[in-house]
Amino acid sequence: MVSAMDPGYFESMYAESADPWGFDERWYERRKYALTLAALPRPHYRRAFEPGCSIGVLTAQLARRCDRVVATDVVSGAVERARDRLRREGVAGRVELCLASLVGPWPPGTFDLVVFSEVLYYLTPAELGTTLNRAVDSLEDGGTLIAVHWQHHVPEYPQTGRAVHDAIAATDGLDPAGSYRDTDFHLDVYTRGPVPSVAAADGLS
(Lines give C-alpha, C1' and ligand atoms only; values in the text may rest on other atoms or scores of the structure.)
Protein backbone atom coordinates (compact mmCIF):
# COMPACT_ATOMS: atom_id res chain seq x y z
CA MET A 1 0.00 0.00 0.00
CA VAL A 2 1.25 3.48 -0.89
CA SER A 3 1.97 5.82 2.02
CA ALA A 4 2.70 9.52 2.01
CA MET A 5 5.45 8.70 4.49
CA ASP A 6 7.27 6.41 2.01
CA PRO A 7 8.53 8.34 -1.04
CA GLY A 8 9.93 5.16 -2.63
CA TYR A 9 6.73 4.55 -4.61
CA PHE A 10 6.81 8.04 -6.08
CA GLU A 11 10.55 7.94 -6.76
CA SER A 12 10.08 4.76 -8.78
CA MET A 13 7.31 6.43 -10.79
CA TYR A 14 9.53 9.39 -11.68
CA ALA A 15 12.44 7.07 -12.47
CA GLU A 16 10.30 5.56 -15.23
CA SER A 17 8.89 8.83 -16.57
CA ALA A 18 9.53 12.55 -16.14
CA ASP A 19 5.74 13.05 -16.10
CA PRO A 20 4.28 9.75 -14.83
CA TRP A 21 0.68 10.97 -14.59
CA GLY A 22 0.68 12.92 -17.86
CA PHE A 23 0.10 16.30 -16.23
CA ASP A 24 1.47 18.08 -19.29
CA GLU A 25 -0.23 15.96 -21.94
CA ARG A 26 -3.65 14.71 -20.89
CA TRP A 27 -6.82 16.66 -21.53
CA TYR A 28 -8.17 15.20 -18.28
CA GLU A 29 -5.45 17.06 -16.37
CA ARG A 30 -5.75 20.33 -18.30
CA ARG A 31 -9.51 20.35 -17.84
CA LYS A 32 -9.21 19.50 -14.14
CA TYR A 33 -6.75 22.35 -13.57
CA ALA A 34 -9.00 24.80 -15.44
CA LEU A 35 -11.98 23.82 -13.29
CA THR A 36 -9.86 24.00 -10.13
CA LEU A 37 -8.75 27.55 -10.88
CA ALA A 38 -12.25 28.61 -11.96
CA ALA A 39 -13.70 27.29 -8.68
CA LEU A 40 -11.51 29.55 -6.53
CA PRO A 41 -13.83 32.25 -5.18
CA ARG A 42 -11.21 35.00 -5.07
CA PRO A 43 -9.40 36.50 -8.06
CA HIS A 44 -6.15 36.73 -6.09
CA TYR A 45 -4.57 35.25 -2.96
CA ARG A 46 -1.80 36.40 -0.67
CA ARG A 47 -0.11 33.08 0.18
CA ALA A 48 -1.02 29.57 -0.95
CA PHE A 49 0.17 26.12 0.13
CA GLU A 50 0.24 23.29 -2.43
CA PRO A 51 1.61 20.00 -1.05
CA GLY A 52 2.38 17.27 -3.56
CA CYS A 53 3.15 19.75 -6.33
CA SER A 54 4.88 17.16 -8.57
CA ILE A 55 6.44 18.80 -11.65
CA GLY A 56 4.71 22.12 -11.01
CA VAL A 57 2.03 22.28 -13.70
CA LEU A 58 -0.68 23.51 -11.34
CA THR A 59 1.90 25.41 -9.28
CA ALA A 60 2.74 27.69 -12.20
CA GLN A 61 -0.93 28.45 -12.75
CA LEU A 62 -1.51 29.15 -9.07
CA ALA A 63 1.46 31.52 -9.06
CA ARG A 64 -0.40 33.76 -11.49
CA ARG A 65 -3.23 34.07 -8.96
CA CYS A 66 -1.12 34.41 -5.81
CA ASP A 67 1.52 36.74 -4.42
CA ARG A 68 3.33 33.70 -3.01
CA VAL A 69 2.97 29.91 -3.34
CA VAL A 70 4.66 27.42 -1.02
CA ALA A 71 4.84 24.12 -2.95
CA THR A 72 6.26 20.83 -1.71
CA ASP A 73 6.87 17.29 -2.92
CA VAL A 74 8.61 14.18 -1.57
CA VAL A 75 10.63 13.51 -4.75
CA SER A 76 13.69 15.68 -5.35
CA GLY A 77 13.60 15.09 -9.11
CA ALA A 78 10.02 16.32 -9.30
CA VAL A 79 10.90 19.43 -7.30
CA GLU A 80 13.78 20.19 -9.69
CA ARG A 81 11.52 19.75 -12.72
CA ALA A 82 9.01 22.06 -11.09
CA ARG A 83 11.77 24.60 -10.50
CA ASP A 84 12.77 24.47 -14.16
CA ARG A 85 9.16 24.91 -15.27
CA LEU A 86 8.61 27.91 -13.02
CA ARG A 87 11.73 29.57 -14.41
CA ARG A 88 10.63 28.94 -17.99
CA GLU A 89 7.19 30.37 -17.30
CA GLY A 90 8.56 33.43 -15.51
CA VAL A 91 6.92 32.83 -12.12
CA ALA A 92 9.80 31.36 -10.10
CA GLY A 93 10.03 34.49 -7.97
CA ARG A 94 6.56 33.86 -6.58
CA VAL A 95 7.10 30.24 -5.56
CA GLU A 96 8.97 28.69 -2.64
CA LEU A 97 9.71 25.05 -3.51
CA CYS A 98 10.59 22.58 -0.74
CA LEU A 99 11.34 18.88 -0.48
CA ALA A 100 8.85 17.77 2.19
CA SER A 101 6.17 15.22 3.03
CA LEU A 102 2.58 16.19 3.71
CA VAL A 103 2.77 14.34 7.02
CA GLY A 104 6.02 16.07 8.04
CA PRO A 105 6.33 19.57 9.48
CA TRP A 106 4.26 22.15 7.63
CA PRO A 107 5.70 25.45 6.44
CA PRO A 108 5.50 28.18 9.09
CA GLY A 109 2.99 30.96 8.91
CA THR A 110 -0.59 31.09 7.67
CA PHE A 111 -2.22 30.80 4.28
CA ASP A 112 -5.33 32.21 2.65
CA LEU A 113 -5.38 29.28 0.20
CA VAL A 114 -4.64 25.57 0.73
CA VAL A 115 -4.75 23.31 -2.33
CA PHE A 116 -5.08 19.54 -2.01
CA SER A 117 -4.89 18.25 -5.57
CA GLU A 118 -4.79 14.45 -5.85
CA VAL A 119 -2.77 13.98 -2.62
CA LEU A 120 -4.99 13.17 0.35
CA TYR A 121 -5.88 9.59 -0.63
CA TYR A 122 -2.25 8.64 0.02
CA LEU A 123 -2.89 9.19 3.74
CA THR A 124 -4.29 6.74 6.25
CA PRO A 125 -7.50 7.86 7.98
CA ALA A 126 -5.51 8.92 11.07
CA GLU A 127 -2.99 10.88 8.96
CA LEU A 128 -5.83 12.48 7.02
CA GLY A 129 -7.56 13.66 10.17
CA THR A 130 -4.35 15.21 11.47
CA THR A 131 -3.65 16.85 8.12
CA LEU A 132 -7.10 18.37 7.83
CA ASN A 133 -6.90 19.80 11.34
CA ARG A 134 -3.52 21.31 10.49
CA ALA A 135 -4.99 22.78 7.33
CA VAL A 136 -7.80 24.46 9.26
CA ASP A 137 -5.35 25.76 11.87
CA SER A 138 -3.08 27.24 9.20
CA LEU A 139 -5.90 28.77 7.16
CA GLU A 140 -6.66 32.43 7.75
CA ASP A 141 -10.20 33.51 8.55
CA GLY A 142 -12.11 33.68 5.28
CA GLY A 143 -9.40 31.69 3.51
CA THR A 144 -10.08 29.01 0.91
CA LEU A 145 -9.41 25.28 0.98
CA ILE A 146 -9.87 23.43 -2.31
CA ALA A 147 -9.65 19.66 -2.71
CA VAL A 148 -9.71 17.70 -5.97
CA HIS A 149 -9.40 13.91 -6.16
CA TRP A 150 -9.75 11.01 -8.60
CA GLN A 151 -12.94 9.07 -7.90
CA HIS A 152 -12.00 5.64 -9.27
CA HIS A 153 -10.68 3.00 -6.90
CA VAL A 154 -6.91 2.48 -6.88
CA PRO A 155 -6.00 -0.70 -4.94
CA GLU A 156 -2.65 0.53 -3.65
CA TYR A 157 -3.99 3.82 -2.25
CA PRO A 158 -4.92 3.79 1.46
CA GLN A 159 -8.20 5.61 0.78
CA THR A 160 -10.60 6.49 -2.01
CA GLY A 161 -11.31 9.98 -3.21
CA ARG A 162 -14.89 9.64 -1.95
CA ALA A 163 -13.69 8.78 1.56
CA VAL A 164 -11.33 11.76 1.52
CA HIS A 165 -14.06 14.21 0.55
CA ASP A 166 -16.42 12.75 3.15
CA ALA A 167 -13.72 13.37 5.78
CA ILE A 168 -13.22 16.96 4.64
CA ALA A 169 -16.97 17.58 4.81
CA ALA A 170 -16.96 16.37 8.42
CA THR A 171 -14.04 18.59 9.48
CA ASP A 172 -14.87 21.34 11.96
CA GLY A 173 -14.07 24.90 10.97
CA LEU A 174 -14.79 24.62 7.24
CA ASP A 175 -17.84 26.03 5.47
CA PRO A 176 -18.83 24.62 2.05
CA ALA A 177 -18.51 27.15 -0.75
CA GLY A 178 -18.86 25.09 -3.92
CA SER A 179 -18.60 21.64 -5.46
CA TYR A 180 -18.23 19.85 -8.77
CA ARG A 181 -18.35 16.11 -9.42
CA ASP A 182 -18.28 13.93 -12.50
CA THR A 183 -17.46 10.30 -13.20
CA ASP A 184 -13.72 10.88 -12.80
CA PHE A 185 -13.09 13.48 -10.11
CA HIS A 186 -14.65 15.35 -7.24
CA LEU A 187 -13.86 18.99 -6.46
CA ASP A 188 -14.90 20.73 -3.25
CA VAL A 189 -14.29 24.30 -2.11
CA TYR A 190 -14.47 25.35 1.54
CA THR A 191 -13.79 28.54 3.44
CA ARG A 192 -12.56 29.08 6.98
CA GLY A 193 -15.80 30.46 8.31
CA PRO A 194 -18.64 31.76 6.14
CA VAL A 195 -17.83 34.36 3.50
CA PRO A 196 -19.98 36.29 1.01
CA SER A 197 -20.70 34.64 -2.32
CA VAL A 198 -18.68 35.74 -5.35
CA ALA A 199 -21.68 37.72 -6.61
CA ALA A 200 -22.20 39.35 -3.22
CA ALA A 201 -18.53 40.27 -3.00
CA ASP A 202 -18.91 41.94 -6.42
CA GLY A 203 -21.97 43.87 -5.25
CA LEU A 204 -24.39 41.89 -7.42
CA SER A 205 -26.63 40.52 -4.69
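**Aromatic pairs and cysteines**

Phe 49 and Phe 111 are both buried (buried means under 20% relative accessible area, exposed over 50%, partly exposed in between, with a 1.4 Å probe and protein chains only). The model is predicted, so local features need pLDDT of at least 70 and side-chain atom pairs count only at pLDDT 80 or more, while totals for chains, interfaces and linings use all residues. Residues are numbered from 1 along each chain as its sequence is written, and side-chain values use heavy atoms, with hydrogens and water left out.

Aromatic rings

- The structure holds eight aromatic pairs; rings of Phe, Tyr and Trp (its six-membered ring) pair if their centres lie within 6.5 Å, and planes under 30 degrees apart count as stacked, over 60 as edge-to-face and the rest as tilted.
- One of them joins Phe 49 and Phe 111, which are stacked at 5.3 Å centre to centre with 20° between the planes.
- This pair links distant parts of the chain, 62 residues apart: Phe 49 lies in strand S1 (residues 45-51) and Phe 111 in strand S4 (residues 111-117); strands (E, at least two residues) are DSSP runs, numbered from the N terminus.
- Tyr 180 and Phe 185 form a tilted pair, 5.6 Å centre to centre and 45° between the planes.
- Tyr 180 is partly exposed at 29% relative accessible area, whereas Phe 185 is buried at 0%.
- Tyr 28, Trp 150, Tyr 180 and Phe 185 form one aromatic cluster.

Cysteines

- A search of the whole structure finds zero disulfides (pairs of cysteine sulfur atoms within 2.5 Å).
- Cys 53 is in no disulfide, and its nearest cysteine sulfur, that of Cys 98, is 9.0 Å away.
- Cys 53 is buried, with a relative accessible area of 4%, and Cys 98 is partly exposed, with 24%.

Methods
Helix = DSSP H or I, 4+ residues; strand = E, 2+ residues; numbered from the N terminus.
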